[in-house]
Amino acid sequence: MASPIIAPFPATRLRRLRRNASIRAMVSETNLTPANLIWPIFVTEVPGAEGEIASMPGVSRLTLDGARRAAERAAQLDIPAICIFPHSDQSSRTDGCERAWDPDNIGNLAIRAVKETVPDLVVMTDIALDPYNANGHDGLVKDGEILNDETVEALVRMALIQAECGADILGPSDMMDGRIGALRAALEREGHKNVAILSYAAKFASAFYGPFRDAVGASGRLVGDKKTYQINPANRGEAIRCVARDLAEGADMVMVKPGMPYLDICRAVKDEFAAPTFAYQVSGEYAMIEGAIRNGWLSRDAMLESLLGFRRAGCDGVLSYFAPTVAEMLA
Ligand code: PBG
C-alpha cells in the first residue's frame, strides 16, 4: 500500500470521521452480510445422539428432519450455503472406511434431504475419511503410516458419490498430496464438470478442532495426531505453497483453517492469488467466543467483530457455527 498522505495535527483530526453513526457508516471499509456465511451443520444417524454438543453450546447434532429445517432456515436468512458433517454410527467405522462411499451413509442422505427441501441452497460437503475410519484419521492407515495415494483413490470414490447425491461444492479437508488434481479429473470424466472444489488448502494441525471431534464422535478414537498431513502452525510459506499447488490442480476456491489465529495467511492468500478465499472459524474458536458470551464475559458483538475481521483480512466468506445467529442479528 502507498503511504497515506496525512497532514499534521490539527489539520488532521481522525476523530472527525468517527463523530456519529452516519458519518462512520460513510467511511466504513468492510461489510458483513449473510452472503458471506457458510453454515456448517452436524447430522447424525444415531438414535438419541441428536441434541446439544457439550463443548459447542448452542450447536446440536441434527436428524435428517433437523437438516431439512436448517436448510429452510438458511434460505429464510439468505445464507447461501450449508456444509454437511456426518456423525455416523460408531460401529460402522472400519479400517477400510468403506462407508465413505456408501450412497446411503448419513452424509449422503443429508445432501439429498437438503437438496429436496431447498434446491437452490448450495450444499457443501467434507471429503476426508475420518467419519468412517476406525482410527479417526482422515486417511487410510497401514502400520502406523497414513497412506497418501491409496487414500486419494478412496477420496475420489467418496467424492463421486457425493456429486451424484447433488453436492454443489466438495470440500476436501484431508490434506493428502495430489487429491485436488485427482478429484478434478474424476469429476470431469464422470459428468460432474460443474461441481466446484473448495479446497481446505491451508489446513493447519491445530488444537482448535477439539470440540468438532466431540461433535462427530472422533475424540476417543484418534490414534496419534494429524501432524504428518496437516500443516505445522509455524509455517506460512508452506501454507502459500499448498494454496498455489491446489489452485494449479483445479481448486475453484481455497480455504484457510483455523481462522482467527491465521488471519495473516488469509491476507497473504488473497493478495497473492486473488482467488475466492474462505476461512473456517472452527469449533474451538466458536467455543471460546460462545462460552465467554454465555458467561457474560463478552458481549454478542464479539461474534460480529470476529467475522468482520475475516472480511478485513481478505476473505470472501467464512464457515462459521455462528452463521444463523449472525444472519439474524444482521437482518
Ligand atoms: C476432518 C475435519 C476436521 C474439521 C473439519 N473437517 C477436524 C480435523 O481435521 O481433525 C474441523 C472443523 C472444526 O473444528 O470446526 N476432516
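Arginine 68 is in contact with Ala113 and Thr117, once its neighbours within four places in sequence are set aside. The model is predicted, and every value here is computed from it. Arginine 68 belongs to helix H2, which covers residues 64-76. The relative accessibility of arginine 68 is 28%, so this residue counts as partly exposed; the class lies between the limits of 20% for buried and 50% for exposed. Between arginine 68 and alanine 182 there are 114 residues of sequence separation, and their C-alpha atoms are 32 Å apart in space.

**Chain as a whole**

The chain contains eleven helices and twelve strands. Its radius of gyration is 20 Å, close to the 20 Å that the globule rule gives for 331 residues, and the chain is therefore as compact as a globular protein of that length.

Of the 331 residues, 54% are buried. The accessible surface of the chain amounts to about 15000 Å², and carbon and sulfur atoms account for 52% of that area. When contacts between residues at least 6 apart in sequence are considered, 77% of them join residues at least 24 apart. As for charge, the chain carries 35 positive and 43 negative charges, and the mean positions of the two sets are 9 Å apart.

**Cysteines**

How many disulfides does the structure hold? The count is zero. Cysteine 97 is in no disulfide, and the nearest cysteine sulfur belongs to cysteine 165, 18 Å away. Cysteine 242 is likewise in no disulfide; for this residue the nearest cysteine sulfur is that of cysteine 266, at 14 Å.

Are cysteine 97 and cysteine 242 buried or exposed? Cysteine 97 has 0% relative accessibility and so counts as buried. Cysteine 242 is also buried, because its relative accessible area is 10%, under the 20% limit.

Terms used
Residues are numbered from 1 along each chain as its sequence is written. This is a predicted model: local features need pLDDT of at least 70, side-chain atom pairs count only at pLDDT 80 or more; totals for chains, interfaces and linings use all residues. Side-chain values use heavy atoms; hydrogens and water are left out. A disulfide is a pair of cysteine sulfur atoms within 2.5 Å. Buried means under 20% relative accessible area, exposed over 50%, partly exposed in between (1.4 Å probe, protein chains only). Helices (H or I, at least four residues) and strands (E, at least two) are DSSP runs, numbered from the N terminus. The radius of gyration is taken over C-alpha atoms; the globule rule is 2.2 Å times the number of residues to the power 0.38. Contact means heavy atoms within 4.5 Å. Accessible areas come from the Shrake-Rupley method with a 1.4 Å probe; for residues, only the protein chains shown count as cover. Lys and Arg count as positive and Asp and Glu as negative; His and the chain ends are not counted. The place of a charge is taken as NZ of Lys, CZ of Arg, CG of Asp or CD of Glu.
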